[in-house]
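Please work through the following exercises with the sequence and the structure at hand. Each task is followed by a solution in steps.

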Amino acid sequence: MKFFIDTANVNDIKAACDMGVIYGVTTNPSIIAKEGKKFEDAIREISGIIGPDRVIFAEVIDMKAEGMIKEGQELVKLHNNVVVKIPMCPEGLKAVAGLKKLGIPTCVTLCFSSCQALLAVNAGASYVAPFVGRVDDIGGDGVGLITEIADIFAVQGIETKIVVASTRSPLHIAGIARAGADIATIPYKVIAQMANHPLTTNGLAQFMKDWENVPKD
Ligand code: G3P
């Protein structure tokens, strides 16, 4: 399972890329709004940080298929490796099919059921994005949903990639990795939590303390 970072914050993106663990960046309208920058400026700035080899997921705003397709055609001009995020809805599915004909990769976002994921697959999406944390928020089983989608995709031989969004904790990351997700898109705060363990902190402090007792030149 590959890691992406789920933010438009350039400092967080830079820090995660520098750590060497990030293959791409996912954004959405809420994430972009938090940074207070114009959409195209934000995407261009992120593109400059991630370089040509990583992927950037950028979302359309139009609610009609025709508009989504036009936006998608513009979005792919902003970086050499853009995946167009399309919301899960009938117009979105129509846009996915249209963009596929143009050879533009898409990710169907706001997926909350395996049936929605299967619709995205049949429309021709390259990726589906189920939201693990928001399913938990309403008393559902977020990791269970990812397990169900991954099991169905395996049984059916489906090649569409599962990008799990709305990850909120290291427990989510371990759970969705076990479930068989292809990608976890993670906020920086959770990446930092994943790197941390009290026994690592204590162990390192002890190593440094003991090092003082090693004879030096
Ligand atoms: O990628 C979607 C994600 O940003 C949503 O996260 O925590 O608002 O459910 P959250």
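The model is predicted, so local features need pLDDT of at least 70 and side-chain atom pairs count only at pLDDT 80 or more, whereas totals for chains, interfaces and linings use all residues. Residues are numbered from 1 along each chain as its sequence is written, and side-chain values use heavy atoms, with hydrogens and water left out.

**Exercise 1. The ligand**

Task: State which residues surround the ligand, and give the distance from a ligand oxygen to the side chain of R134.

Solution. 
Step 1. A residue is near a molecule if one of its heavy atoms lies within 4 Å of it. The residues around the ligand are D6, N28, I31, F131, R134, A165, S166 and R168.
Step 2. The side chain of R134 places an N or O atom 2.6 Å from a ligand oxygen. For S166, a polar side-chain atom is 2.7 Å from an oxygen of the ligand, and for N28 the corresponding distance from a side-chain N or O atom to a ligand oxygen is 3.2 Å.
Step 3. The ligand alone exposes 310 Å², of which the protein buries 79%; such areas come from the Shrake-Rupley method with a 1.4 Å probe.

**Exercise 2. Salt bridges**

Task: Give the number of salt bridges and describe the pairs D18 with K14 and R168 with D137.

Solution. 
Step 1. A salt bridge requires a side-chain nitrogen of Lys or Arg within 4 Å of a carboxyl oxygen of Asp or Glu. The count by this rule is six.
Step 2. D18 and K14 are joined at 3.2 Å, N to O. Both residues lie in helix α1 (residues 10-19), four residues apart, about one turn of the helix.
Step 3. R168 and D137 are joined at 2.9 Å, N to O. This pair links distant parts of the chain, with R168 in the loop between β7 and α9 and D137 in helix α7 (residues 132-137), 31 residues apart.

How values were computed: A polar contact is a pair of N or O atoms within 3.5 Å; within protein, one must be able to donate a hydrogen and the other to accept it, and residues adjacent in sequence count only if both atoms are side-chain atoms. Helices (H or I, at least four residues) and strands (E, at least two) are DSSP runs, numbered from the N terminus.
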